[in-house]
Amino acid sequence: MRLQGKVALVTGAGSGIGRGIAEAFVREGASVALADWSEPGGKESLAQIEAAHGTAILVLGDVSHAQDAQRMVDACIERFGRIDILVNNAGILRSGALHETDEQTWDLVLDVNLKSVYLLSHAALPHMLGQGKGRILNIASVAGLQGFEKLAAYCASKGAIVELTRNMAVDYSPLGINVNCIAPGLIATAMTAGILEQEASREAFVSQTPTHSVGQPEDIASAAVYLCSDESDFVTGEVLVIDGGLTVR
Ligand code: NAP
């Protein structure tokens, strides 16, 4: 029960890594606001948590829209009275080298992956500052640390999240709010189903990964629990790479 009594808002909690983080938080004693634009995914996450006797609410909305982001935080405060942890996890992947990426796609990826971190944090910070304590965890990617082929907008968005994490750590840690990020490698979720279903592309990744394996949402969730618990009070501005060693080579 490493998060006993804490209240967390997790975006993109209707699938994959976000669902894994929300479930792990509940197992550790937190109450969770699940935010996602997918009603079926969000409802499934909520049902799974309730079946395990956890406490959660579902807030539907688009994390890249300011009003929705504010509504997500407001719903969390209205139901639970506070917000101790914000996990900025929702994201999308669109492929293409820069010259193949049209302006609409560029804006979409940057809005959903990066602007959302600004919007949700902007809405949650006044509450955390009032409480004098809080945790923000951003989900970046190894694609924010290294060059990956034909992922111009995605790499740009994730690299910016890494740097924004460091900026926020410097600004807010003196005020009791630690800010960290996790950079996952290849994790088996709906986002990567296309890569993993094809033997050749799966093998290409697995053979380059020193553990010779694909990560699971639980691999990210267990680190998220640590980074959002009091055990990591002295950890801030950290970029925790969880990739089976993919980027060590
Ligand atoms: P996922 O299974 O596709 O889950 C993402 C969830 O976020 C989905 O429920 C999705 O809904 C929702 N979402 C997307 N855009 C949204 C928006 N604008 N507003 C609200 N909800 C939105 O993906 P995942 O693999 O768990 O990825 C989670 C995070 O980890 C992302 O930031 C991703 O970039 C990052 N990441 C993933 C991997 C990986 O290998 N899986 C590696 C590195 C980093 P829909 O499905 O309806 O769009």
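Q: Two strands pair if DSSP finds at least two bridges between them, so which residue of β2 stands opposite A8?

A: A8 stands opposite V32 in β2. Helices (H or I, at least four residues) and strands (E, at least two) are DSSP runs, numbered from the N terminus. The model is predicted, so local features need pLDDT of at least 70 and side-chain atom pairs count only at pLDDT 80 or more, while totals for chains, interfaces and linings use all residues. Residues are numbered from 1 along each chain as its sequence is written, and side-chain values use heavy atoms, with hydrogens and water left out.

Q: What is the order of the strands in the open sheet?

A: The order is β3-β2-β1-β4-β5-β6-β7, an open sheet of 7 strands with parallel pairing.

Q: And which strands stand at the edges?

A: Those are β3 and β7 (239-242). Each has a single partner strand, so one side of each is left without a neighbour in the sheet. From one strand to the next, the twist averages 15°; angles run from 0 to 180 degrees between N-to-C directions, and axes are lines fitted to C-alpha atoms, for helices over the stretch in contact.

Q: Which strands does α1 touch?

A: Helix α1 packs on the sheet and touches β1, β2, β4 (85-88), β5 (134-139) and β6 (177-184), where contact means heavy atoms within 4.5 Å. The direction of α1 makes about 170° with that of β1. Helix α3 lies across β1, β2 and β3, and runs at about 155° to β3.

Q: Back to β2: how many of its residues are buried?

A: In strand β2 (residues 31-36), 6 of 6 residues are buried, that is, under 20% relative accessible area; exposed is over 50% and partly exposed lies in between (1.4 Å probe, protein chains only). Both faces are covered, with S31, A33 and A35 on one side and V32, L34 and D36 on the other.

Q: How many bridges does β2 form with β1, and in what sense do they pair?

A: Strand β1 (residues 7-11) and β2 pair over 5 bridges in the parallel sense, and T11 stands opposite A35 in β2. On β3 (residues 56-60), the pairing with β2 is likewise parallel, over 5 bridges, and A56 in β3 stands opposite V32.

Q: New topic: at what angle do α3 and α4 pack?

A: Helix α3 (residues 66-80) and helix α4 (residues 103-131) pack at an angle of about 35°, with their axes 8 Å apart.

Q: Which residues meet there?

A: From α3, the residues are A66, A69, Q70, M72, V73 and I77, which meet L119, L120, A123, A124 and H127 in α4.

Q: What is the phi of H53?

A: H53 has a positive phi of about 65° although it is not a glycine. Most residues other than glycine have a negative phi. H53 is found in the loop between α2 and β3 and is exposed, with a relative accessible area of 75%.

Q: Where does H212 lie?

A: H212 lies in the loop between α7 (199-208) and α8 (217-228). The phi of H212 is positive, about 55°, although H212 is not a glycine. H212 is exposed, with a relative accessible area of 53%.

Conventions: Pairing = 2+ DSSP bridges.
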